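Let us read some side-chain features together. Please open the model first.

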Amino acid sequence: KRQRMTSPPAMFSGDTQCAFSPDGKNVVFARQPSALCRDAYILSLANGAPKGEPWRLTNDSTWIYGFAWAPDSREIVFSSARGGRTSLWRIIPSPGAEPQRIPGTDDGLYPAISKGSPIRLAYQRGYQDTNIWRMEIPHSRNINNSATQIVASSAPEINPQFSPDGTRVSFTSERSGYLEIWLAAGDGSDPTQLTSFAGSRTAGAPSWSRDGRQMVFDSMAGGYLDIFVLNLENRISRQLTDDRAFNARPSWSRDGRWIYFGSNRSGAYQVWKTSPDGGNPQQLTKDGGFEAVEAPNGKELYYTKTWNTAPGLWRVPVEGGRETPVIEAARSGHWAVTDQGIYFLDFSAVPAAAPKPLKFFSFESQKASQVGTIEKIRFISDASFSVSRDGHSVIWSQIDRSESIIMLIDKFR
């Protein structure tokens with residue numbers, strides 16, 4: 001007999017990664033409001049059926065990759081990025097318990113614990129080398145300009161964005177041990193760290209104000225994903241949203257009067273806007289919205305509806321109104337608006353491992369055409385894709401190497 005075990009609130013996108021305790025009295029699972037935020041919850045059982053509502057075990061709002069119970073059901077091992085870098089943690093399944101890091105398990109994922117004696121812990125050690133690349137746009141399907149790696153390290157380098165004048169590049173990097181906002185020259189030289197949250201996860205792509213003096217980004221500094229504004233002159237950040245919701249992927253209006261962002265504060269993710277000085281946000285979309293950028297005319301807003309691989313770029317007036325589909329193949333994190341049109345990567349036109357067409361949707365003709373090819377890019381759910389204001393250059397984050405092995409800890413307990 002099948003029965004429903006959990007019913008996540010509307011603001012959450014789902015419950016995943018469930019694992020029964022060996023004694024059959026509890027289930028641990030991850031509840032996630034977005035692709036980047038998860039926490040562990042415990043559901044108690046009576047005769048195999050839910051007993052009461054799930055209760056929250058962790059308060060980290062970060063990545064979680066798998067759970068494993070100890071044979072006596074008195075401890076849970078799980079993979080989390082709560083300390084900045086992904087590793088394995090152990091926790092007693094009790095309200096208020098604090099996770100303890102398991103030494104030597106950096107990059108650990110999906111733990112499994114044996115039932116015999118001695119007790120062994122096995123886990124996957126995964127690694128992705130994600131770097132930032134740049135290419136001059138050839139504007140012809142017959143020309144393949146070579147791409148150049150401009151930002152690279154042994155840590156993830158993601159979310160690149162050109163400054164308004166194209167001379168600088170902002171990005172998110174974990175090279176300091178935590179994901180922070182960084183700034184470099186247009187060729188990737190002279191990288192400088194701009195934020196210092198150290199311990200909480202800065203997740204969203206930094207977006208520049210039109211005058212190049214400020215950035216807006218999202219961060220889980222307070223436990224939920226909120227919008228922050230960074231003054232580039234004094235490098236001071238101030239929090240713009242503060243509610244029990246997840247607010248993501250912000251961008252500036254062209255006149256600097258508004259900041260657009262995706263939020264699930266109304267239940268499902270929709271596009272909202274708020275003043276950079278604070279105040280009550282205004283909801284703009286009704287049928288879903290996540291990542292939004294204002295059109296050059298300042299009258300319309302282009303946006304995607306989800307953070308994941310679901311395609312589709314839509315348009316809505318900046319004051320709200322009719323929502324119209326524009327580009328079917330565009331996906332979150334892999335499109336950019338310029339004065340003449342929209343550049344996007346077409347993931348639907350070719351197999352996953354094949355080169356991706358770089359296409360341009362002209363505002364004048366209202367048609368899309370291929371202007372280049374990016375050879376090795378794969379979809380990254382928290383990536384950003386940026387084109388210089390003059391339309392000559394494109395930058396993106398790319399997984400250059402991905403590998404995993406199985407590790408074993410003998411006599412774990």
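**Reading rings and their surroundings**

A: We start with Thr304, a residue of strand 26. Strands here are DSSP runs of E, at least two residues, numbered from the N terminus. The model is predicted: local features need pLDDT of at least 70, side-chain atom pairs count only at pLDDT 80 or more, and totals for chains, interfaces and linings use all residues. Residues are numbered from 1 along each chain as its sequence is written, and side-chain values use heavy atoms, without hydrogens and water.

Q: Is Thr304 buried or exposed?
A: Buried means under 20% relative accessible area, exposed over 50%, partly exposed in between (1.4 Å probe, protein chains only). Thr304 has 1% relative accessibility, so Thr304 is buried. Leaving out residues up to four places away in sequence, Thr304 touches Gly289, Phe290, Glu291, Gly312, Leu313, Arg331, Ser332 and Trp335. Contact means heavy atoms within 4.5 Å.

Q: How many aromatic pairs are in the whole structure?
A: A pair of aromatic rings is described by the distance of the centres and the angle of the planes. Rings of Phe, Tyr and Trp (its six-membered ring) pair if their centres lie within 6.5 Å; planes under 30 degrees apart are stacked, over 60 edge-to-face, the rest tilted. The search finds 10 pairs. One of them is Tyr302 with Phe363, stacked, at 5.7 Å and 25 degrees.

Q: Which parts does the pair of Tyr302 and Phe363 tie together?
A: Tyr302 is in strand 26 and Phe363 is in the loop between strand 31 and strand 32, so the pair links parts 61 residues apart in sequence. Tyr302 is buried, at 3%.

Notes
Helix = DSSP H or I, 4+ residues; strand = E, 2+ residues; numbered from the N terminus.
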